[in-house]
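Please keep the 3D view open as you read.

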Amino acid sequence: MPQSHPASVSARRILVAVVPPVLAAAAVLATFLSVRDRLPDRMAVHIGAGGDADGFSGQGSFLATALGVLVGDGVLFGALAYWIRTTPGVQRVLAVIGDAVAVLTGWLVVAVLLANTDVTDASSVTLPGTQAALAFAATAACATVGWLICGKAEEAEAVSGPSAEAERLTLGDSESAGWTRVAGSRVLPLTGALVAAAGVIVGLTTGWLPALPLLITGVPMALLTGARVTADRHGITVTPSLAPWPRLNVPLQRIAEAGHRTVDPLRDFGGWGYRARPGASGIVLRSGDAISARLTTGSEFVVTVDDAATAAALLNTLADRERRTAAGG
């Protein structure tokens, strides 16, 4: 059976990210136009946990917000899927997330419109709990179909590690040294704020249950302003700059060799934060210089930070010393 060309597979993934939001927006608009004359001027747009309305909005503002969220979903995930087309695994995941968000949002918006149809008092509007179950079932089904449509593809490029001629710092046998820097991020706080804002919009328009994933993702991301990176006898240690936890450590025993290289978050790892892809993982807070450690497992661990060359040279010296000690030398 012939294999799909990588370009055609990438194009399918972009379509999976873009087409569902467009179809969901069309379904919302068609439903609104078909029942507009039967809707109250003051619509119930949020149904509480007990099934009763506790949030209200005008017809126009509700429609504009819903369509804005759906169109924004298509633009955001479509653009991301296109931008990281050289990283097929991450592209596939992003495309399916865009698909799922569109289906879930579209379904619940249509359900709210139908629940408001032919009512005279918006406060009497109710939404059966089965609607949420049906929405999640439809989302799971469409996400599965989208995942299959995306198809498999080999990674476009092999993971590049540090150079074979890794530099070292000169240290005496009795000397010890440590290196530390704070790595900041401008993208993560801004992205987190946008995701959290999208969660608030979804919560106010379609319910807080579908908004929960956005809020859980966005709020911590907005607070992640940077991390402290340390290279010493403990290996590579990364902790949030504003808190002592969570702490990530790669001990010297796991580092075969360290170097530095330039990292592009989207092209290399599909985004910012803690990232993992076949053959590589790490903390990616910005574009630019990064410590690149080749681990004893053959995989690569990276941390984006200034003056990565110095940290890598120190790690190589300390790792050599650790191996001599373990060998009894």
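Contact here means heavy atoms within 4.5 Å. Helices (H or I, at least four residues) and strands (E, at least two) are DSSP runs, numbered from the N terminus. This is a predicted model, in which local features need pLDDT of at least 70 and side-chain atom pairs count only at pLDDT 80 or more, while totals for chains, interfaces and linings use all residues. Residues are numbered from 1 along each chain as its sequence is written, and side-chain values use heavy atoms, with hydrogens and water left out.

Start with the sheet of 5 strands. It is open, with the order β7-β10-β11-β9-β8 and mixed pairing; two strands pair if DSSP finds at least two bridges between them. Because β7 (255–263) and β8 (273–277) stand at the edges with a single partner strand each, one side of each has no neighbour in the sheet. From one strand to the next, the twist averages 20°. Inside this sheet, β9 (residues 280–284) and β11 (residues 300–304) pair in the parallel sense over 4 bridges, and S281 stands opposite F301 in β11.

Another open sheet has 4 strands in the order β3-β4-β5-β6, with antiparallel pairing. Its edge strands, β3 and β6 (248–250), each pair on one side only. Neighbouring strands of this sheet are turned by 15° against each other on average, direction ignored. Strands β4 and β5 run antiparallel and are joined by 6 bridges, and A227 stands opposite P240 in β5.

Now look for helix α8, residues 308–326, which lies across β7 and β10 (288–295) and runs at about 170° to β7. Helix α8 also lies across β3, β4 and β5, at about 35° to β4. For these angles, axes are lines fitted to C-alpha atoms, for helices over the stretch in contact, and angles run from 0 to 180 degrees between N-to-C directions.

Which residues of the largest nonpolar core touch the most other members? Among its 27 residues, they are W179, V229, I236, I255, I291 and L315. A nonpolar core is a set of buried Ala, Val, Leu, Ile, Met, Phe, Trp, Tyr and Cys residues joined through side-chain atoms within 4.5 Å; buried means under 20% relative accessible area, exposed over 50%, and partly exposed in between (1.4 Å probe, protein chains only). The largest share of this core, 7 residues, comes from α8. Not counting residues up to four places away in sequence, I291 touches several residues, including W179, V229, I236, F301 and L315. A second, separate core of 17 residues includes V28, M43, V110 and L113.

Turn next to α2 (residues 59–83) and α3 (residues 88–116), which pack at an angle of about 170° with their axes 9 Å apart. The two helices are therefore roughly antiparallel to each other, a label for angles over 145 degrees, with under 35 counting as roughly parallel, 65 to 115 as roughly perpendicular and the rest as oblique. Their contact includes F62, L70 and F77 of α2 and I97, V101 and V109 of α3.

Finally, two loop residues deserve a glance. Most residues other than glycine have a negative phi. D118 is not a glycine, yet has a positive phi of about 65°; D118 is found in the loop between α3 and α4 (129–150) and is exposed, with a relative accessible area of 52%. D307, in the loop between β11 and α8, has a positive phi near 60° and is partly exposed, with a relative accessible area of 29%.
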